[in-house]
Amino acid sequence: MSAVIVVHGGAWAIPNGLAKASVDGVKVAACDGFSVLQRGGSALDAVEAAVRALEDNTVFDAGHGAVLNADGEVELDAIIMDGRTLASGAVSSVKNIANPVSLARAVMEKTAHVMLTSTGANLFAESIGMATVPTDTLVTENEMKEWRKNKNYVAGVMEDFNCQWAHDTVGAVAVDSAGNVACATSTGGIRNKMVGRVGDSPIIGSGGYADNFVGAVSCTGHGESILKVTLARLILSHVEQGKSLAESSQLSLKYMGDRVLGAGGAIVVSPSGQWAATFTTERMAWAAVDHDGLWYGLEPNERRKEQLSQ
Amino acid sequence: MSFTSVRAGRIEAASKYCSSVFRVIDMFPVVVVHGGAGHIPKERSEKSMSGLCSAARAGYVILRGGGSSMDAVVEVVRQLENNPSFNAGCGSVLNAKGEVEMDAIVMDGKALGSGAVSGVCNIANPIQLARLVMNKTSHVCLTSEGANQFARSMGVPEVPPESLITEYSRMRWTKNLAVDADPVECQMGKMGTVGAVAVDSEGNVACATSTGGMLNKMEGRVGDTPCIGSGGYADNLVGAVSTTGHGEAIMKVTLARLILFHMEQGQSVEAASDLGLAYMKSRVGGLGGVVTVDPRGHWAARFSSHQMAWAAAQKDTVHYGLYSGENFTQSIDDPL
């Protein structure tokens with residue numbers, strides 16, 4: 001069994017100014033996650049490490065670099081899921097946490113619950129000694145500028161249903177050498193979202209799903225559309241019916257476009273080590289590491305390969 | 001192709017799902033209601049059953065008058081939220097801190113429109129707030145203080161916290177503060193989550209689910225109820241499901257969506273519900289119950305727990321039951 005990790009940095013109309021930094025960011029995160037697998041770490045450890053790297057990178061809308069809501073605040077959502085037992089942890093609308101994916105993992109491992117929201121999630125973070133960070137440290141100069149420019153969320157939606165406002169959620173899926181799969185997804189949501197808006201990312205079956213018998217998925221794109229079709233679970237239901245990972249992803253994304261007019265992207269791994277990265281938005285930054293090397297892309301059908309630097 | 005024409009093409013593609021492809025001549029509108037799965041104490045079961053039957057009747061009257069399945073499920077759940085016998089709205093269980101935090105979801109099978117609220121306080125009818133999220137925002141789910149902020153902006157009145165707390169819920173909360181108490185074991189549906197599914201005369205399906213969650217839950221705990229695909233799902237092409245039971249287990253298998261996948265594969269409402277519940281039991285050790293309809297008006301109320309209080313109304317007959325195998329009936333014209 002060969003280990004694989006796939007990461008994404010969000011499916012949307014990534015502007016040229018962010019293109020290189022986005023691709024570089026997902027490549028680094030994929031390598032970080034893969035090195036965990038190489039050291040014998042679990043798929044769960046690998047997706048957490050990869051998503052932490054993306055959360056720490058200000059290019060992406062998760063952790064540092066998150067977008068601001070209508071009140072100019074940062075509210076973060078994240079999920080993690082372990083395909084062995086279907087155990088899952090999620091946080092929604094949490095504030096002042098640099099790595100929400102690690103808080104989601106703590107919800108999974110240290111509580112009897114699956115999901116904690118808002119101040120309850122922050123109280124839990126405090127109770128386990130997780131450090132909080134000042135809001136300013138999570139917000140970039142660029143986001144402050146964009147937020148002021150684009151304060152009217154409704155106008156943003158009308159201008160272009162899919163793409164013009166940042167929703168570059170990050171995520172990772174992995175399979176380890178024992179054949180266990182896991183997924184993790186983290187996001188700051190949509191710029192100028194209503195206070196308390198929860199998107200697809202922390203919702204099990206929408207933002208992600210992992211099951212050792214089928215595979216693992218992490219989704220990105222228009223959150224409300226992803227929720228309406230429970231995209232992660234939908235993709236895996238096609239896989240269960242015997243379709244390939246790529247075909248399952250394409251069918252599901254096309255269905256989301258037809259049925260609820262939403263665009264997005266998904267990364268998938270199977271327990272046997274197959275993988276796919278698919279999107280219906282203009283661009284999606286993604287990278288994967290398998291036994292062959294480092295794969296990555298940004299444009300539709302773009303698939304580049306590099307030898308892994310040891 | 002210009003952007004506009006791409007949009008137009010997509011809307012056309014989408015509209016084929018919205019037309020009443022499933023309109024059949026012998027469609028009988030139906031509403032199916034549950035009041036929670038688990039163990040219902042005897043002294044409370046009678047009140048639960050009469051509350052459910054009267055809510056099912058109210059939903060059915062809406063359907064019989066040509067009302068939509070969405071109107072019916074929201075009215076049913078609103079009545080159950082107002083009934084202190086159920087763990088939703090007034091009568092909700094208390095969290096570890098002794099407060100009420102509620103979750104609710106609605107979903108409309110026509111366009112997959114959905115609205116949900118999680119961790120909301122001081123709202124008498126979270127189900128109506130969830131419907132407002134669906135109808136008045138571009139979002140699907142609002143949480144905590146943000147949901148309350150939205151409620152204020154919509155003119156939904158806030159109610160005093162005590163108005164939602166019953167003597168019974170406070171007594172159970174106090175009991176579970178004892179060091180040797182096992183709230184997880186004890187909470188299983190003694191008073192349950194409430195939910196409803198319905199099919200209207202045009203073949204549109206809808207679901208609604210509302211809950212106070214789990215007894216002595218951590219502050220901010222969100223269960224299956226407001227999570228689309230777990231607490232409920234509705235799709236005119238397949239059917240609608242509302243779930244109840246151990247929330248964390250329901251989430252791990254996305255129970256509502258799982259049952260509908262089985263129906264897409266050709267299973268009946270009963271078989272699909274049983275398959276979903278059996279899988280949840282074997283894979284994650286969780287018990288629960290569901291109410292399920294398909295767009296042709298077939299319905300089922302199934303559970304793997306010891307009991308589930310349920311009622312259904314179709315063809316002017318109310319069906320109801322509490323233990324496995326029960327199916328009592330009364331005429332819609334019988335006095336309550």
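This is a predicted model: local features need pLDDT of at least 70, side-chain atom pairs count only at pLDDT 80 or more; totals for chains, interfaces and linings use all residues.

Colleague: Fine. How many helices and strands are there in chain B?

Modeller: Chain B has ten helices and 14 strands.

Colleague: And what share of chain B counts as buried?

Modeller: Of its 336 residues, 60% count as buried. Chain B still exposes about 12,200 Å². Carbon and sulfur atoms supply 53% of that area.

Colleague: What about contacts in chain B between residues 24 or more positions apart?

Modeller: They make up 66% of the contacts with a separation of 6 or more.

Colleague: Let's do a sheet. What is the strand order in the open sheet of four strands in chain B?

Modeller: The order is β8-β9-β10-β11, and the pairing is antiparallel. The edges are β8 (232-235) and β11 (299-303) of chain B. Each has a single partner strand, so one side of each has no neighbour in the sheet. From one strand to the next, the twist averages 10 degrees.

Colleague: What holds paired strands together in general?

Modeller: Strands of a sheet pair through backbone hydrogen bonds.

Colleague: How many bridges join β10 to β11 in chain B?

Modeller: Five bridges join them, with β10 covering residues 288-293. On that pair, B:V291 stands opposite B:A301 in β11(B).

Colleague: Which helix packs on the sheet and touches β10 and β11 of chain B?

Modeller: That is helix α10 of chain B, residues 269-284. Its direction makes about 20 degrees with that of β11(B). Helix α9 (residues 255-264) of chain B lies across β8, β9 and β10 of chain B. Helix α9 runs at about 140 degrees to β9(B).

Colleague: Now the hairpin of β13(B) and β14(B). How many residues lie between the strands?

Modeller: Four residues lie between them. B:G325 in this hairpin takes a positive phi near 90 degrees. Strands β13 (residues 317-323) and β14 (residues 328-331) of chain B run antiparallel, joined by four bridges. B:V318 stands opposite B:Q330 in β14(B).

Colleague: Changing topic. Where is B:R152?

Modeller: B:R152 sits in helix α5 of chain B, residues 144-153. It counts as partly exposed because its relative accessibility is 43%.

Colleague: Which residues does B:R152 touch, leaving out those up to four places away in sequence?

Modeller: B:R152 touches B:E145 and B:E158. The side chains of B:R152 and B:E158 are also joined by a polar contact of 2.8 Å.

Colleague: What does UniProt mark as "binding site" in chain B?

Modeller: The unreviewed UniProt entry puts that annotation on several residues, including B:R221, B:D224, B:H246 and B:G247. B:H246 is in the loop between β9 and α8 of chain B. B:G247 lies in helix α8 of chain B.

Colleague: Is B:G247 buried or exposed?

Modeller: B:G247 counts as buried, because its relative accessibility is 3% and the cut-off for buried is under 20%. Leaving aside neighbours within four places in sequence, B:G247 is in contact with B:R221 and B:D224.

Colleague: And which residues have the "binding site" annotation in chain A?

Modeller: The unreviewed UniProt entry lists A:T220 and A:H222 among them. A:T220 is in strand β9 (residues 215-221) of chain A. A:T220 is buried, with a relative accessible area of 0%. A polar atom of the A:T220 side chain lies 2.9 Å from the backbone nitrogen of A:A11.

Colleague: Where is A:H222?

Modeller: A:H222 is in the loop between β9 and α8 of chain A. A:H222 is buried, at a relative accessible area of 7%.

Technical notes
Residues are numbered from 1 along each chain as its sequence is written. Chains are lettered from A and ligands numbered from 1 in the order in which they are written. Side-chain values use heavy atoms; hydrogens and water are left out. Helices (H or I, at least four residues) and strands (E, at least two) are DSSP runs, numbered from the N terminus. Buried means under 20% relative accessible area, exposed over 50%, partly exposed in between (1.4 Å probe, protein chains only). Contact means heavy atoms within 4.5 Å. A polar contact is a pair of N or O atoms within 3.5 Å; within protein, one must be able to donate a hydrogen and the other to accept it, and residues adjacent in sequence count only if both atoms are side-chain atoms. Two strands pair if DSSP finds at least two bridges between them. Axes are lines fitted to C-alpha atoms, for helices over the stretch in contact, and angles run from 0 to 180 degrees between N-to-C directions. Accessible areas come from the Shrake-Rupley method with a 1.4 Å probe; for residues, only the protein chains shown count as cover. UniProt positions are given in the numbering used here, feature names are shortened, and annotations may be inferred rather than shown by experiment.
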